[in-house]
Amino acid sequence: MLKSKIFQILESSTREFIRKATGEIANRDYRIDSPSDDKRVKVTTTQIGAALKIVCPRDTSQLKADLVQHFEEVRGLIPFCSSPKSFRTAWDLRSELLNPWDANTIVDQGGQLVPINKGSRIFQCIQQGVELGRNKRLILAVRHSEGNYEDKMDDLGRFTYQPPNNAAGMLRYRWCQFLSGSMKIPYILLAVMWFKVHQPINKALTHVFMVSPAKIIDYEEDLKDIGISLSHPLELQITSRTEALSIVNLIFPLDETDLEIETRYELPEQLAREWSYDKLNNTEKGCRIKRWAQKTGKKCPGAMCKNGSIPHVEFKDLPLSEISFGHIVSKNWAKAYTYTLDKIDHPDNLYLTCRSCNSSLGDTFPDKSFRDDIVKSGTIGDWLRKDEAEIRKS
Ligand SMILES: [Zn+2]
């Protein structure tokens, strides 16, 4: 049986994480930041060994099933999530009680107040902060309840979340960070808040919940040595439902065994707008990309360069004026079938090419080998995903 991409990733991640955890963590006390009291947790290598068996088992098929189920569960809850703006407003209320005026503001800002539901693990009042997924392997949600309100959320929706005070709980934080890195897909969980309603609707409906997807960010430093970072909090950032769906939907293709196409996550909308065709064609911004491509040794993905005499010409051998931005799906095609019209100038529909290849293509699609070469060398969107900072400097 062929192993899916995600199976292969988990197989090697498990091995690597176990090696790191057993190699880097020694018997010692860890301090967990807490303004109320100085929490110290004693950690032993025996505890770490036991925690590893739960958190990242060597049985990869079990782990894979739990991971896929995690993303399915999150996906199912995304429709109940609130907008980042409303979630931040609710976070800043710092009150357990929700009055009708605050509730109104929150709902106006795209917040959703979900009534308490005792059948759900998310929509009921539980004091424990971290809600675990199936088999206690992954983190499904973090709860923000009174007593935790010292946590600040910044303008970009970033906040930190302290770990539970036990070895397994701390190790699970590093494991979820590690998975983010090895899957190259941000780990998504849910941030949950609840409020007592000002006037209970009836005996059962006394509380409402607000939920937002949150992704794990800024983990690279923590993974350098988990012996040092074991007790560090998770850095999280709340995201929009659209971004969360786009991220979550990257997992499922990785679970296929016969898929040859590599999937990418959607470019942030702002970035896509900033680097769309109309902002690149004959502009200084466009020249930055061209110069960056020259500097990094990129080649034209086409074979008709210099009328076919030098296929795949290096951009550094061309003046900027002979380098063009090509469309994978052509502009005229989009006019004929208008469903793609709003995406035609998106950076993922654009690639850098020589003028000769671009004009030889006309309104037709690049053929299979041309397309393969575009995928290999990358769309403008791909370049931005990897090298945005360098391109801006070029
Ligand atoms: Zn060419």
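Predicted model: local features only at pLDDT ≥ 70, side-chain atom pairs only at ≥ 80, totals over all residues.
**Exercise 1: The chain as a whole**

Find how many helices and strands the protein chain has, and what share of its residues is buried.

*Solution.* Start with the secondary structure: the protein chain has 16 helices and 12 strands. Next, look at the extent of the fold; a box of roughly 75 × 55 × 40 Å along the principal axes holds the C-alpha atoms. Then turn to burial: of the 394 residues in the protein chain, 35% are buried. Finally, consider the contacts with a separation of 6 or more: 71% of them join residues 24 or more positions apart.

**Exercise 2: The largest nonpolar core**

Work out which residues of the largest nonpolar core touch the most other members, and which strand gives the most to this core.

*Solution.* First, the core itself: it holds 66 residues, and those touching the most other members are Ile48, Leu171, Leu189, Leu190, Val192, Phe209 and Val211. Second, the strand: β8, residues 188-197, gives the most, with eight residues. Beyond its neighbours within four places in sequence, Leu189 contacts Val74, Ile139, Leu140, Ala141, Val142 and Ala214. As background, nonpolar side chains in soluble globular proteins tend to be buried together.

**Exercise 3: Helices α2 and α6**

*Solution.* Begin with the geometry: α2 (residues 45-55) packs on α6 (residues 167-183) at an angle of about 55°, and the axes are 9 Å apart. The crossing is right-handed.

**Exercise 4: Helices α1 and α6**

Describe how α1 crosses α6 and which classes of residue form the contact.

*Solution.* The axes of α1 (residues 5-24) and α6 come within 10 Å and cross at roughly 135°. This makes α1 oblique to α6. Here too, the crossing is right-handed. On the α1 side the contact uses Ile9, Ser13, Phe17 and Ala21; on the α6 side it uses Leu171, Trp175, Phe178, Leu179, Ser182 and Met183. By class, there are eight nonpolar residues, two polar and no charged.

How values were computed. Residues numbered from 1 in each chain as written. Core = buried A, V, L, I, M, F, W, Y, C linked by C-beta atoms within 7 Å. Buried ≥ 20, exposed ≤ 12 C-beta atoms within 10 Å, placed from the backbone. Helix = DSSP H or I, 4+ residues; strand = E, 2+ residues; numbered from the N terminus. Contact = placed C-beta atoms within 7 Å. Axes fitted to C-alpha atoms, helices over the stretch in contact; angles between N-to-C directions. Left-handed = near helix turned anticlockwise from the far one by under 90°. Parallel < 35°, antiparallel > 145°, perpendicular 65-115°, else oblique. Nonpolar A, V, L, I, M, F, W, Y, C, P; charged D, E, K, R; others polar.
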